[in-house]
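Have a look at the sequence and the structure first.

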Amino acid sequence: MAVLTANRRLLDGRPLRLGPESLAEHSARLGPLPTSGDEAIRAIEASGLLGRGGAGFPVGRKWRSVAERGDGQAVVLANGAEGEPLSAKDRAAMTLRPHAVIDGAILAAAAVGADEVVLYIGAGHVAARRSIGDALAERGSRLPVRIVAAPERYVAGEESAAVHFVNDGDARPTSVPPRPYERGVGGRPTLVQNVESLAYAGLIARFGPDWFRGTTEDGAGLGLITIDGVAHPGVREIELGTPLGEIVGASGARLETARAVLVGGYFGRWLAARDGLDLPFAPLALRAAGLPFGCGVVSVLGPDACGVRATSRIIGYLADESAAQCGPCVFGLRAIADTTARLADQRGSAADLARIERWTGQLAGRGACRHPDGAAGLLHSALAVFGDDFGRHAAGRGCSSRPARAA
Amino acid sequence: MGRRPELGRDAGLELTIDRIACDGFGLCAELLPELIELDDWGYPMIRGGAVPAVIPAELTGHARRAASACPVLAIRLARRPQGALVSRAVPERVRSGAGG
Amino acid sequence: MSDQILWFATRGAGVVSLLLFTAVVGLGILTVVRWQSPAWPRFLSVELHRNLALLSVAFLGLHIVTAIVDPFTSLGVVAAAIPFASSYRPFGVGLGVIAIDLLLAVLLTSLVRDRIGQRTWRAIHWLAYGSWPLALVHGIESGSDASMAWMVGLDLACVALVLGAVAWRLAAGRSNRSRLAGLVAAGSVPAGAKRGA
């Protein structure tokens, strides 16, 4: 295990239960923020930092794309919408380490040639908005920085939806091209970056890519996760690459006895518990296993829970959260949700199961955004991991979970 | 004896669907059934799933007609990036001569 | 006889134009209500709609040119271009001029639809609903055959067809797009089930 320089991690410093880190504490702990945008981009590229909003796109490359188009009039949109119900890490970063988040946004602005920063924070994340607002007041800024409250809808955090809302007050995804880095807020090249990614970018610019990569054995660096379904749920900062079994164990549960674990969020994948025990929890390692890191959600499904019911709830939610712009998403998710609900209630049939499989296979790439794709991934994994249970439900033969506990 | 690779103005088109504009009229599937079929609700799916869909040279006319017929202009055709030839057959001598 | 040829041409082309445009309206409705049968694919409605519209414009052109060129009418280019500027039945002819102007807007925008985008094109296309009644009344007001039984019969048939088509359009209800939001909102799974697993 690499030797860590104490106190430099995002959630180091002021104990989390004591609330937001003040400007003085932040500056004392981390030192000044570098000002060179070019060096920052190079450092972030070298660090291999991947975006933490869900897509996992290399952060350095994204900054470079916007910088190439910036002309000094680009916009930085810090994405703190966090519409994923299982995720709380963006809120935690904004509430507890607001200066780290703002530093990242300011640094990004310098790097991409932006003259404006928009902090897009979920309307329901009251503590986060207050903390960021207080932090802004504390430090002042040469750049115009404004907070925009994101609607509390699942797709409101999607890149084009965020830009659409800031421009027109409509938080629905738009058809791309053009993508935000080409034409975004006010028609200008816009960097849409998750707040956690920005916070880590600020740290990497200070301490260097080697520091970041050195925090873990395989160089994946640090990251925030939200873990639930365990005795001690909440947000953690982990060394990426830690085996999933260990992560779950550290939060007061045993993955060995769980039924399955949901990885990445509602747009992530189910994983059979036994397959997750030694799985290094890092974006690239997960991708190699066909799993998305997404927004770093780890949701453990206990031994008494029913995977079909859990999946049914999730797909019902995703169907309700469709932006209602594309027929295949609206009709497809609705049909799958209704049919899965029937199966979950033991009112379905083998034909229903076949229909779910067929419709799921038709979701990917059929919408303007990746909402149906995320649902498809979740469903495919559910059919694989809970295949036996789906079959049982379809045949009306009950469920392998204990009925009394099936929520 | 093989034919030369297809070159020329229409040899490199690709098709995308504007999913927000699309309203399930289904004319595209009628006019370009080789590439487009409809789902249970009348919305288009590209066969084989690849997006953008590459238009074989012999279907270019049909693709243009499908794009023109769409009442909401949801079918978009664009030239493929330079250097991507749509090759249907390779001349004999190239096939036998080149290595891996 | 020969000096009446132009007059016959004007009248004939005018009637044919009206019939064709009535068919065009019908085909437009067939397109938007997505009607189809085993023998009538959907693309037929939209392509025939466009082709007949172009054909109608050809007859319309004949109708206007022969009317202007005819030495027995006092219609000049000015009267054909500016509404209510003719000395012969200014009201009726004027309506025809307006009808053509609206039609030209639809035609020209349709030819460059790719460039101007769907929304703009659609907004202007609504003018077509104004053009057809004006053309009909123009014929009734200034047509030489307006009072003939066969012409009245044709007029009634055209009106019936267009009224029927419009009724069908209204009955067909809202487009798919406008239903989507309602479908999602209705939802058959209780909303608020936000915590999963």
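Over which residues of chain B does pLDDT stay under 50? The answer is residues 1-10 of chain B, for which the model has 19 contacts beyond four places in sequence. Here pLDDT is the predictor's confidence in each residue, from 0 to 100, and two residues are in contact if their C-beta atoms, placed from the backbone, lie within 7 Å.

## Ground rules

This is a predicted model, in which local features need pLDDT of at least 70, side-chain atom pairs count only at pLDDT 80 or more, and totals for chains, interfaces and linings use all residues. Residues are numbered from 1 along each chain as its sequence is written, while chains are lettered from A and ligands numbered from 1 in the order in which they are written.

For the complex, the predictor gives an ipTM of 0.88 and a pTM of 0.88. Chain C averages a pLDDT of 87, with 93% of the residues at 70 or above. Its residues 189-197 fall below 50, though, and that stretch has 23 contacts in the model beyond near neighbours in sequence.

Chain B has a mean pLDDT of 78, and 70% of its residues reach 70 or more. Where pLDDT is low, the predicted coordinates should not be read in detail.

Chain B has three helices and five strands, in the order β-α-β-β-β-α-β-α from the N terminus on. Helices (H or I, at least four residues) and strands (E, at least two) are DSSP runs, numbered from the N terminus. Of the 100 residues in chain B, 30% are buried; that label takes 20 or more other C-beta atoms within 10 Å of a residue's own, while 12 or fewer make it exposed and anything in between partly exposed, with C-beta atoms placed from the backbone.

Eleven residues from chain B and eleven residues from chain A make up the contact. On the chain B side there are six nonpolar, two polar and three charged residues. Ala, Val, Leu, Ile, Met, Phe, Trp, Tyr, Cys and Pro count as nonpolar, Asp, Glu, Lys and Arg as charged, and the others, Gly among them, as polar.

## Inside chain A

Chain A splits into domain 1 (16-213), domain 2 (216-301) and domain 3 (307-405), with bounds from an automatic or database domain assignment. The C-alpha centres of domain 1 and domain 3 of chain A are 34 Å apart, and nine residues of domain 1 touch six of domain 3.

Strand 2 (residues 114-122) and strand 3 (residues 145-150) of chain A run parallel, joined by six bridges; strands pair if DSSP finds at least two bridges between them.

The peptide bond from A:Val176 to A:Pro177 is cis, with omega near 15 degrees, and so is the bond joining A:Pro177 and A:Pro178, at about -5 degrees. A:Pro177 sits in the loop between helix 7 (159-168) and strand 4 (190-194) of chain A.

A:Gln346 is not a glycine, yet has a positive phi of about 65 degrees. This residue is partly exposed, with 16 other C-beta atoms within 10 Å. B:Leu73, also not a glycine, has a positive phi of about 55 degrees.
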